[in-house]
Amino acid sequence: MTLTTPAKAPAGEGPRRTLGLRADVRNLSLLGVLAVLVLVGGLTRPAEFLATSNLQLVLTQASVIGVVTVGMTFVITSGGIDLSVGAIVALASVWATTLATQEFGFAGILFTAVAVGVGCGLVNGVLVAYGGMVPFIATLAMLASARGLALQITDGRTQIVTVPSVLDLGVPDAYVLGIPPLVLVFAAVTAAGWLLLNRTTFGRRTIAVGGNPEAARLAGIDVRRQRLFLYLLSGLCCGIAAFLLVVLAGSGQNTNGNLYELDAIAAAIIGGTLLSGGRGTIVGSVLGVLVFTTITNIFALNNLQSDVQQIAKGAIIVAAVLVQRRTARDS
Amino acid sequence: MPQEERPQDHPPLLTMSGITKSFPGVRALDGVDLEVAPGEVHCLLGQNGAGKSTLIKVLAGAHQPDDGHITWNGEPVRLRSPSAAVRLGIATIYQELDLVEGLTVAENVHLGHEPTTAGFVRTRAARATTAALLKRLGHPEIDPARRVGELSAAQRQIVSMARALSHDVRLIVMDEPSAALDPDEVANLFRIVDDLTTDGVAVVYISHRLEEIRRIGDRVTVLKDGRAVARGLPAATTPTRDVVALMTGRDVPYVFPERPAVPPSGAPVLHAQGLARKGEFEALDLELRPGEIVGLAGLVGSGRSEILETVYGARKPTAGRVLVDGRPLRPGSVPAAVAAGLGLAPEERKAQGLLLLESVTRNVSVSSLARFSRAGWIDRATEHDTARTATRALSLRPDLPDAPVRTLSGGNQQKAVLARWLLRGCRVLLLDEPTRGVDVGARAELYAVIRRLADEGLAVLLVSSEVPEVLGLADRVLVLREGRVVHQAPARDLDEHRVLDLVMEGSPAA
């Protein structure tokens with residue numbers, strides 16, 4: 001027996017309009033935290049914090065880790081984890097800034113950054129999906145190897161970018177209506193990520209694989225291929241982030257992307273993505289990134305040390321997860 | 001069983017009155033009363049969604065009621081947590097067993113109350129008491145030092161029971177304890193229940209099998225739509241049709257739909273040729289025609305589920321092949337099987353079939369996403385409406401496409417799985433225990449649905465532990481014993497007795 005698709009959807013019978021917004025509502029608490037932070041920043045350092053240049057800086061800093069977090073959100077939603085993102089960013093940024101690569105100019109740097117990211121993601125994906133390795137272990141191995149390779153390439157030296165068209169992207173002259181190009185890239189990646197997760201078969205399969213891998217397999221989903229693509233996607237995001245970082249710093253260093261894995265995981269989790277998989281929110285992840293970046297900025301403006309920042313971050317992670325657990329129980 | 005001596009006019013051990021519990025969108029319990037006397041077997045009957053599971057979770061302290069009172073031994077109590085219930089002497093054996101597979105039998109039995117000296121677990125003492133409990137339960141052969149992961153389903157059930165008895169227990173709740181058991185194991189279960197009640201322990205017994213309730217029950221409480229529609233009926237003397245009528249609001253017990261007058265002919269849609277998996281089942285030849293329902297009868301462990309999963313590509317055969325419309329399927333590939341028009345309703349619905357966090361719609365559409373999408377882009381309005389057409393065709397209730405699938409009753413969850421394949425336009429449906437945990441009323445409905453799908457041209461391969469179900473529903477039956485087909489015949493030429501003989505003995509009784 002087959003069912004025919006109804007010719008047209010009867011009025012009012014479509015998917016509930018609130019469905020797409022449900023995740024956003026859950027993020028209200030995170031928006032509240034962000035509002036409080038802006039208030040704190042505005043009160044403690046009114047002149048500096050609310051200056052356009054400072055807001056541009058915050059968003060620019062959020063862009064690099066934000067792009068990484070979008071990829072991480074997909075991996076976590078599928079029930080996996082990618083510990084290698086920071087190391088991939090480092091490797092991609094140094095490979096993209098070697099003298100040999102820089103000879104090919106803008107395109108060479110962009111292509112290399114993305115290709116290295118995708119390549120590392122491919123290795124992760126094959127190991128996890130077809131090698132049967134636990135994601136934690138496979139990506140931990142990638143973390144170690146990619147960092148090592150990055151150090152080997154640079155020999156510990158900072159590789160200065162001499163390609164003007166790349167550096168030009170980071171200067172205020174390149175801003176579009178006051179928005180830095182890096183932030184535009186971040187916005188585009190976020191929008192693409194949201195659509196991919198919420199509106200496509202790829203996103204639906206990601207959620208299914210994370211929610212119940214065995215049921216997904218028996219429903220006819222190619223779980224292994226899906227997993228492969230998810231780590232590829234995370235690698236791609238790392239490659240894009242590496243390019244943004246090269247633009248931002250004007251150089252490539254093997255210490256780039258240090259502890260990005262922790263920041264990205266933390267941002268995704270406080271955003272509302274389930275670490276056990278099966279539920280993920282891109283909007284939440286981006287809010288999580290903005291919260292962390294804003295804290296860093298406020299602390300820096302107030303000349304507070306990074307150790308205090310770290311403590312505050314830890315407290316926020318705990319508080320956000322506690323609040324979400326409560327709201328999740330009520331819903 | 002000394003029926004007359006049952007102390008039913010003793011003060012009750014447990015009284016639950018006016019228990020109310022609502023979940024978002026569902027009123028699961030609507031003022032339920034339950035009274036249990038010491039030493040009685042009190043049976044709880046009701047269709048799926050009637051509120052049995054919620055009621056026993058309230059009793060176990062796992063759910064807090066919105067309203068109502070609980071009295072234990074004459075004292076009003078509140079069961080704030082599972083451990084509060086255990087302290088009073090209430091033990092619950094859930095249908096989905098909650099054992100830790102990586103721990104040993106003894107460690108599971110004493111989980112949470114290990115015998116210790118200065119913080120060190122006294123392993124030998126724990127094993128000794130566990131061995132004593134297992135002996136009391138009639139299973140001295142289970143080694144307390146074995147890991148639970150190595151045990152069979154029936155043995156795990158015994159371990160669960162040993163765990164319940166390791167506390168000082170006054171009341172044991174058993175949720176469908178016989179569902180995973182073979183007939184002789186059920187007999188042992190009944191013996192255990194008898195022993196317990198002789199010691200004055202009360203048992204709340206949940207089962208869909210009326211004949212079991214008749215054998216061991218003292219009194220019956222029937223739930224329907226979150227209310228107790230009958231309380232304290234005598235289990236042995238209340239006519240079956242009365243009980244069924246109370247549960248369903250109808251008086252027909254399960255009825256199997258009519259078979260078509262003309263047996264299906266035509267080219268087989270599915271053809272298994274010498275299909276085998278080493279250690280699981282031997283070379284199997286099977287043809288399945290459109291419109292035909294073929295049943296596989298056999299005990300747990302006879303290779304029934306393994307055959308289904310191998311046909312479906314979820315397991316890779318060690319020999320033989322599967323043809324669909326004469327074309328061989330890629331072995332060991334579920335996507336290939338699904339693309340060729342196969343669909344599986346797996347044995348463990350929650351663990352293998354459903355995306356529990358997701359809505360009904362998304363559970364139904366998950367195998368047909370390509371159909372609602374262009375270049376990977378999902379048309380959600382079409383998805384929603386088509387999924388709803390499928391769920392309505394199967395009368396899935398409640399008719400709320402956005403409700404999380406975990407809030408549905410077992411029978412309706414099964415319908416969600418069937419709707420998934422209906423929507424996919426599948427041509428061969430593989431059903432593994434389609435009515436496990438589904439009550440009498442909903443069963444008849446599922447049977448009718450399955451027969452209707454067959455009448456519309458689907459080929460169905462059915463596995464069930466319940467012989468009457470296979471005989472009543474299938475056109476043709478293959479009897480399995482230890483991975484081998486021992487007999488094959490039209491269902492109308494077999495009866496339950498003969499199939500059981502074949503299953504037990506491997507040869508037809510004279």
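Which handedness does the crossing of H5(A) and H13(A) have? The crossing of these two helices of chain A is right-handed. Keep in mind as you read that this is a predicted model.

## Helices that cross in chain A

Let us stay with that pair for a moment. Two packed helices are described by the angle between their axes and the distance between the axes. Helix H5 (residues 85–95) of chain A and helix H13 (residues 223–249) of chain A pack with their axes 8 Å apart, at an angle of about 50 degrees. Angles under 35 degrees count as roughly parallel and those from 65 to 115 as roughly perpendicular; H5(A) and H13(A) are therefore oblique to each other.

On the H5(A) side, the contact is made by A:Val85, A:Ile88, A:Val89, A:Ala92 and A:Ser93. On the H13(A) side, the contact residues include A:Gly235, A:Cys238, A:Gly239 and A:Leu245. Sorted by class, the contact of H5(A) with H13(A) has nine nonpolar, four polar and no charged residues.

The axes of helix H4 (residues 52–77) of chain A and helix H15 (residues 282–301) of chain A come within 8 Å and cross at roughly 140 degrees. H4(A) and H15(A) are therefore oblique to each other, and H4(A) passes H15(A) in a right-handed crossing. Among the residues that make this contact are A:Val58, A:Ile65 and A:Thr69 of H4(A) and A:Val286, A:Leu290 and A:Thr294 of H15(A). By class, the contact of H4(A) with H15(A) has eight nonpolar, nine polar and no charged residues.

Now look at the loop between H15 and helix H16 (306–330) of chain A, where A:Asn303 lies. Most residues other than glycine have a negative phi. Phi of A:Asn303, however, is near 60 degrees, a positive value in a residue other than glycine.

## Where chain A meets chain B

How many residues of chain A are in contact with chain B? There are 28 residues on the chain A side, and they are in contact with 40 residues of chain B. Helix H11 (201–211) and helix H12 (213–218) of chain A each supply at least two residues of the side that touches chain B. H11(A) gives the most to that side, with five residues. The residues of the side of chain A that touches chain B divide into eleven nonpolar, nine polar and eight charged.

## The domains of chain B

Chain B is divided into domain 1 (12–89 + 169–253), domain 2 (98–167), domain 3 (254–341 + 427–510) and domain 4 (361–424). The C-alpha centres of domain 1 of chain B and domain 2 of chain B lie 26 Å apart. Their contact takes eleven residues from domain 1 of chain B and nine residues from domain 2 of chain B. Helix H6 (residues 183–198) of chain B provides the largest share of the domain 1 side, four residues. The residues of that side of domain 1 divide into seven nonpolar, one polar and three charged.

## Sheets and strands of chain B

Strands of a sheet pair through backbone hydrogen bonds, either parallel or antiparallel. In chain B, six strands form an open sheet in the order S6-S9-S10-S3-S11-S12, with mixed pairing. The edge strands are strand S6 (90–93) and strand S12 (227–234) of chain B, and each pairs on one side only.

Another open sheet of six strands in chain B has the order S18-S21-S22-S15-S23-S24, and its pairing is mixed. Its edge strands are strand S18 (342–345) and strand S24 (484–490) of chain B. The twist averages 15 degrees from one strand to the next. H14(B) packs on this sheet, touching S18 and strand S21 (428–432) of chain B.

| Strands of chain B | Bridges | Direction |
|---|---|---|
| S9 (residues 171–175) and S10 (residues 202–206) | Five bridges | parallel |
| S13 (residues 270–277) and S14 (residues 281–288) | Five bridges | antiparallel |
| S15 (residues 293–297) and S22 (residues 459–464) | Five bridges | parallel |

B:Asp175 stands opposite B:Ile206 in S10(B), and B:Arg277 stands opposite B:Phe281 in S14(B). S13(B) and S14(B) form a hairpin with three residues between them. In the turn, B:Gly279 has a positive phi of about 80 degrees.

## A cis bond to finish

Most peptide bonds are trans. The peptide bond from B:Arg397 to B:Pro398 is cis, with omega near -5 degrees. You can find B:Pro398 in the loop between helix H13 (380–393) and helix H14 (410–424) of chain B.

Notes
Residues numbered from 1 in each chain as written. Chains lettered and ligands numbered in written order. Predicted model: local features only at pLDDT ≥ 70, side-chain atom pairs only at ≥ 80, totals over all residues. Axes fitted to C-alpha atoms, helices over the stretch in contact; angles between N-to-C directions. Parallel < 35°, antiparallel > 145°, perpendicular 65-115°, else oblique. Left-handed = near helix turned anticlockwise from the far one by under 90°. Contact = placed C-beta atoms within 7 Å. Nonpolar A, V, L, I, M, F, W, Y, C, P; charged D, E, K, R; others polar. Pairing = 2+ DSSP bridges. Domains from an automatic or database assignment.
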